[in-house]
Amino acid sequence: MLTQSQQSFLERFGITSSAGSGGRDRAPAEFESLLAEAEGLLNRVRALPPKASQLLKDLTGPIATAVGAARKAAAKGAETEAVATLSEQEALGRKLDREIDDVTEYLSEAKGFAKRLAETRAQARGHGAAAVEDYLKRLESDDKRRQAAEARGAFDQATIACEAQEARHAAMMQEAGRAANCNKVRHEIDAEIARLESQAPGGGNARPVIETVREMMNDADNFAKSSNWVGAALMMRKARTELQIGTRGLDLMDKLRPTEEATEFTRAHVQILAHIKALQGLKTGGPIQRELRRIIEMTKDARKALPDEKKALHLLNQSRAACIDLTQAVLDNGRYASSFKQLFRQRDQLRQVQQDKCAQPEIKQVTKLLREADTLTRRLDFPAAIAQVDAATKTLQTGLQAAHLYTDAVRPARVALARQARNGDKKVAQSDLAALDAAFRQRDLRRAESLARTALDGG
């Protein structure tokens, strides 16, 4: 019998193998170990969804066949043959071990990807189509990449294709919602203008209001053409508010006849009381309600001045002038309140979709401007408050453009440059990253996009 050192020497030069007597002694234990390992892998696959089993069949098939053959050999007492059969599949087993994790991750991402694709296609069939047209093309391109990678078993690449647009999805669905809302509001405006024009040629007294509203709708369309759906949605809503408030204001002012002063107390007093009643029926804030109460007291004082009709008319005309000013304030408050609420909602949506707090400067500035606007309304200075709201609108639009660019290009470019700094020219990569960050921070978005695209294209 060979000694252990002799056996090892012969095995090293391929003269004999470990299948000698010592090998035969070790074969049963080695067989059980290899069998447990192979069956463990197969059981992991069996526990996965059917789709995973299908994707892994090229790996599981040979291993399952080897397990069956090894069992038959072992049952005949040929454990050494069984060990050899299972050993031939060890490299395949290691690959299967890795692929199980890759396939599991891929199927999880693929499920989310399919949901996002379906949601985007649904939007593309509806009124939000214009906002997601380009995004849908990218998703469908990614879907083709995913399918091709899956077919060749490159599950890590398939996962990357699924994740490519994930960060953009919430923002794009918001954009689709804005586009759909734009279309809905446009139909409402068109219907109301048609109603007004059916009552009198050109809308009668409402003609100037209608002309203003149509100009605002054209502005909304221009925003939409440049994919600025925040601007488009805000402007279209503003147009609807202007139509509602403008026509309401015509009705109120017509009742009050602002170009005429009262010359006969009773008739003028009834007219002002009717106007006050109309104002009381509107939803307004505290400052306007306080001013309305003051006007009511002025009107009562005018009544108390009788029978001195000259004094009573003088007081009544003061009440009337105050009522005209308050009517204008009520109309301006309606314009302000509508825009104010929309901006707060859009600001909160921006806060939700921004990544890495990239639009935080704009969010803070919008909040500051809206607080200042609210303070101005307490003094009934609605023109100044509306100017603050307009400034906040422009700031919000910049923030949304920056957030979209960051998600789409700047963030991926920063990752690419960081990778380049680790694996390539560190100094150049750091310089490019600093330039990109500076351009984005300064909101030179055109330059930031150019630098980001260059980095993503590999310089």
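## The largest pocket

Ala, Val, Leu, Ile, Met, Phe, Trp, Tyr, Cys and Pro count here as nonpolar, Asp, Glu, Lys and Arg as charged, and the others, Gly among them, as polar. By that scheme, the lining of the largest pocket holds 14 nonpolar, seven polar and 10 charged residues. The model is a predicted one.

The volume of this pocket is about 830 Å³. Its lining is made of 31 residues. Nearest the centre lie Arg168, Glu175, Ser226, Ser227 and His404.

## Helices around the pocket

Several helices supply at least two lining residues each: H7 (129-151), H9 (166-199), H10 (207-225), H11 (229-256), H16 (382-423) and H18 (445-456). H16 gives the most, with eight residues.

## The largest nonpolar core

In soluble globular proteins, nonpolar side chains tend to be buried together. The largest nonpolar core in this model has 56 residues. Leu326, Tyr336, Leu396 and Phe440 have the most contacts inside it.

At least two residues of this core come from each of H11, H12 (265-280), H13 (286-304), H14 (309-353), H15 (360-377), H16, H17 (426-441) and H18. H16 again gives the most, here with 15 residues.

## Leu396 and its contacts

Leu396 is one of the core residues with the most contacts. Set aside its neighbours within four places in sequence. Leu396 then touches Val230, Leu234, Leu343, Gln346, Arg347, Leu350 and Val366.

## A second core

A separate core of 41 residues is also present. Its members include Ala38, Ala74, Phe113 and Leu139.

Note on methods. Residues numbered from 1 in each chain as written. Predicted model: local features only at pLDDT ≥ 70, side-chain atom pairs only at ≥ 80, totals over all residues. Heavy atoms only, no water. 1 Å grid on protein atoms, 1.4 Å probe; cavity = no way out; pocket = protein on both sides within 12 Å on 5 of 7 lines; lining within 4 Å. Points joined across faces, edges and corners; volume = space filled by probe spheres on them. Helix = DSSP H or I, 4+ residues; strand = E, 2+ residues; numbered from the N terminus. Core = buried A, V, L, I, M, F, W, Y, C linked by side-chain atoms within 4.5 Å. Buried < 20%, exposed > 50% of the residue type's maximum accessible area, 1.4 Å probe, protein only. Contact = heavy atoms within 4.5 Å.
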